[in-house]
There are 2 protein chains.
Amino acid sequence: MSNSFRSIGLIARATAVIGNQRFQPDQLQHNQFIYLMRVVENPGITQTELAAQLHVDPSTCLRTVRKLITSEYVTRTVDDQDKKRRPLMATQKGQAMYPALERYEQQIIAAGTSGLSAGEKALLSELLGKVANNIKHAKL
Amino acid sequence: MSNSFRSIGLIARATAVIGNQRFQPDQLQHNQFIYLMRVVENPGITQTELAAQLHVDPSTCLRTVRKLITSEYVTRTVDDQDKKRRPLMATQKGQAMYPALERYEQQIIAAGTSGLSAGEKALLSELLGKVANNIKHAKL
DNA sequence: CTCCAGTAGTTGCATTTGCAATTAAAAAGT
DNA sequence: ACTTTTTAATTGCAAATGCAACTACTGGAG
C-alpha cells in the first residue's frame, strides 16, 4: 500500500518521457499531446477548465495552448456571450492527429497492464478514478 | 480502463503540488522531498541509481541532489573502491526530516484511498506495482 | 448607474528541466 | 601492457514551469 503513490509518480514520469519522444516529430513536446487530446475531446473547453482537468498551473496551460495554436493544432474562438472566455477548438490538423494519439494511449495501456486480467484492469481503472477524485478535492 | 493513465497523470501532478507546498517552508521544493526520502531509505545510493529509481533525467537528479546538499539534508561520500561513484547519505538534518515526510506520505495515501476497502487498497497497491514495473521496462 | 468582488486570461521573473555533449574512471578487449 | 568501450558524473543551452501580480470582463449589490 505504501508504494501506490510512488508507483503513480514513476508511471506518470515514465509515460511522459515515452509520449514526448513519440510525438516530438509532430512538434508535440512537453506533454502537448495530452493537452491536444483534451481539446479534441472537449470542443469549446476554456483554458481554465483545461488547467483544472489536467491539474496544471494556468500559466503553464496558457503557454502550452499557445504553442498548440502556433503549431496550428488548436484555435481560439470568441464567446459572443462572454468576451472573457476563449473557447478552444481543435483544427482539422489537430483532429487528424487524434487517432495517432489514441493509438499511443492504447499502446501505453496495453503495455502497462500486460499480465493483468480483464477484471483487474477494470478494477484498477475504477479505483484510480476514485483516488483521482479524492486527491483532486483533498483538504490537507 | 481508458482513464487509468489519465488518472495517474493527474494524481501525480496534484500530489506534487501538495507536497511542494507542504515542504516549501523546509526549503524542499520541486519534489526535493521525494529525493530526500529515497536517500534516507537507501543509504549510499548513487545519483544514477536514484535517477533510475525515480525515472528522472540524470542531470535533473544531479541538480536536485546538489540542492539537497546545499540545504545540508544530504552529503556525498567517497567510494574508496571506485572513484567514479559518489554514494549519497542523508545528514542528521535529513534523517530528522524523514518522519515528517513519512507522515505526509501517509496523509496523502489516507486522503487518496478514502472510501476504499482494505482489500481494494491492497489490490490497488499490487496492481500499480505491476504497472510500474511494466512501464519501466516497456519496449514501444 | 457606480462600485466591488469574482473569474478568465495573461505577463514577469526566477528557477527548473531535458537533451546533447563532455569529462573522468572503470571494465573489457587485444 | 595498452587501447577501446562502457559507465557515472557533470556541464551547456534552450525551453518549460510555477508563483505572484496584473489586466479585462461579468454579475451582483447598493
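This is a predicted model: local features need pLDDT of at least 70, side-chain atom pairs count only at pLDDT 80 or more; totals for chains, interfaces and linings use all residues.

Biologist: At what angle do the axes of helix 2 and helix 4 of chain A cross?

Modeller: They cross at roughly 80 degrees and come within 10 Å. Helix 2 of chain A and helix 4 of chain A are therefore roughly perpendicular to each other. On the side of helix 2 of chain A, the contact involves Gln32(A), Tyr35(A) and Leu36(A). Helix 4 of chain A, which spans residues 58-70, contributes Thr60(A), Cys61(A), Thr64(A), Lys67(A) and Leu68(A).

Biologist: Which classes of residue make up the contact of helix 2 with helix 4 of chain A?

Modeller: Four of the residues are nonpolar, three are polar and one is charged.

Biologist: Let us move to the interface. How many residues of chain A and of chain B are in contact?

Modeller: Contact here means heavy atoms within 4.5 Å. By that criterion, 48 residues of chain A touch 48 residues of chain B. The two chains bury about 4,900 Å² between them, and carbon and sulfur atoms give 71% of that area.

Biologist: How many salt bridges does the rule find across the interface of chain A and chain B?

Modeller: A salt bridge requires a side-chain nitrogen of Lys or Arg within 4 Å of a carboxyl oxygen of Asp or Glu. The rule finds four between chain A and chain B. One salt bridge joins the side chains of Arg6(A) and Glu105(B), at 2.8 Å from N to O.

Biologist: Which helix of chain A gives the most to the side that touches chain B?

Modeller: Helix 6 of chain A does, with 15 residues.

Biologist: At what angle do helix 6 of chain A and helix 6 of chain B pack?

Modeller: The angle is about 110 degrees, with the axes 10 Å apart. Helix 6 of chain A is therefore roughly perpendicular to helix 6 of chain B. Among the residues that meet are Leu123(A), Leu124(A), Leu127(A) and Leu128(A) from chain A, and Leu123(B), Leu124(B), Leu127(B) and Leu128(B) from chain B. This helix 6 contact has ten nonpolar, no polar and four charged residues.

Definitions and conventions: Residues are numbered from 1 along each chain as its sequence is written. Chains are lettered from A and ligands numbered from 1 in the order in which they are written. Side-chain values use heavy atoms; hydrogens and water are left out. Buried area is the accessible area (1.4 Å probe) that two parts lose on being put together, summed over both. Helices (H or I, at least four residues) and strands (E, at least two) are DSSP runs, numbered from the N terminus. Axes are lines fitted to C-alpha atoms, for helices over the stretch in contact, and angles run from 0 to 180 degrees between N-to-C directions. Angles under 35 degrees count as roughly parallel, over 145 as roughly antiparallel, 65 to 115 as roughly perpendicular and the rest as oblique. Ala, Val, Leu, Ile, Met, Phe, Trp, Tyr, Cys and Pro count as nonpolar, Asp, Glu, Lys and Arg as charged, and the others, Gly among them, as polar.
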